[in-house]
Amino acid sequence: MSKRYERLERCYSCFKEKISFTPDVALILGSGLGDYADSITQTAVLDYKDIDSFPVSTVAGHKGRFVFGYIGDVKVVIMQGRVHYYEGYSMEDVVLPVRLMKLMGARVLFLTNAAGGVNFNYHAGDFMLISDQICMAPSPLIGENIDELGVRFPDMSNIYDRDLRDIVRSTAKSLNIPLQEGVYIQLTGPNYESPAEIRMVRTLGADAVGMSTACEAIAANHCGLKTVGISCISNLACGITDKPLTHAEVQETADRAAPLFKQLITESVVNIAKKLD
C-alpha cells in the first residue's frame, strides 16, 4: 500500500467513525455558492479540522467542512470551501478531498467555481459549462501513483463527461438559463493574471481562467469519478477592461448570480441522479 493511500485511509477511517452516509454525488462549491449547502436537507456536518491528516481551507468565505444530506432525493456530500494550491498546500493536499469523496461512495463529482472571462463574448454573471480544460498548475498525479485508485498514465480525453454535460445543457435550457460552453484554464494564483498572460491563455484556447478545478478534475478522472463542471463568470479578465480586479468584485458578482446558479445545480443534480439508477 502506498504512503499516499495510507494517509487517505486514515482520513476515510476518521470519516467512518463520525459519519454513516454514502453519497451518490459530490459537489465542490466555489466563491458565492458556499451557503448552498445550508439550503439542502442536511443529515450531518463534518469540519475539515476534525479529520485526521486533512488540509483546512484558509480563504475567507470558505467554511471548511463537508455537508451531508439530500438534494431532492439525491444523496450528496458537499465541500463547503475548497483547498487551493496558492494557500501553500501541496497538490496532494489540494486533491485529497476529491479522493476522499470517492472512498465515501460518490460516483459523480460536480465542480463549480468563480472564473474570469477570457472570451470576448462573455459577460460578468454568465455561466459556462466546462467542455475541456488546460491545467497550468502542477499535475496532482506527480509522484508516487496511488495504484488502489487508478493507473499510472490515465486517459484524459473525456475529463468533463459528455453525457453529464448533455444533462446540464438540457437542464439549463428547460429552466431558460443561458449557458455558455468553453475551455477552463487553471493558473496557480493567488495574483490575478496580467494582460499579457490573458492574451497568452486566450491564444492557447481558454475561455475562462481561475485558480482551482482543473487539478481536481484530473484527480477525479484518475480515480474513476465522472465529472462535470460549471464556472460563474464573475469578472472580465485583466486587459479586457481597464478596471483593476479585486476579490470583492468577484464575490459580489458571484453572490448576485448565486440564485440562478443554485437553481441550475439543484435541477442538474436531480437529473444526473436519474441517469445513475
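**Salt bridges and helix packing in the predicted model**

At 23% relative accessibility, Asp24 counts as partly exposed (buried means under 20% relative accessible area, exposed over 50%, partly exposed in between; 1.4 Å probe, protein chains only). The structure is a predicted model, in which local features need pLDDT of at least 70 and side-chain atom pairs count only at pLDDT 80 or more, while totals for chains, interfaces and linings use all residues. Residues are numbered from 1 along each chain as its sequence is written, and side-chain values use heavy atoms, with hydrogens and water left out.

The side chain of Asp24 forms a salt bridge with that of Arg107 (3.3 Å, N to O), a salt bridge being a side-chain nitrogen of Lys or Arg within 4 Å of a carboxyl oxygen of Asp or Glu. Asp24 lies in the loop between α1 and β1 and Arg107 in the loop between α2 and β5, so the pair ties together parts that are 83 residues apart in sequence; helices (H or I, at least four residues) and strands (E, at least two) are DSSP runs, numbered from the N terminus. Arg107 is likewise partly exposed, at 36% relative accessibility. By this rule, 13 salt bridges are counted.

A further salt bridge joins the side chains of Arg7 and Glu92 (3.8 Å, N to O). Because Arg7 lies in helix α1 and Glu92 in helix α2, this pair ties together parts 85 residues apart in sequence. Arg7 is buried, with a relative accessible area of 16%.

All 9 of the 9 residues of helix α5 (residues 214-222) are buried, so this helix is largely enclosed by the rest of the structure.
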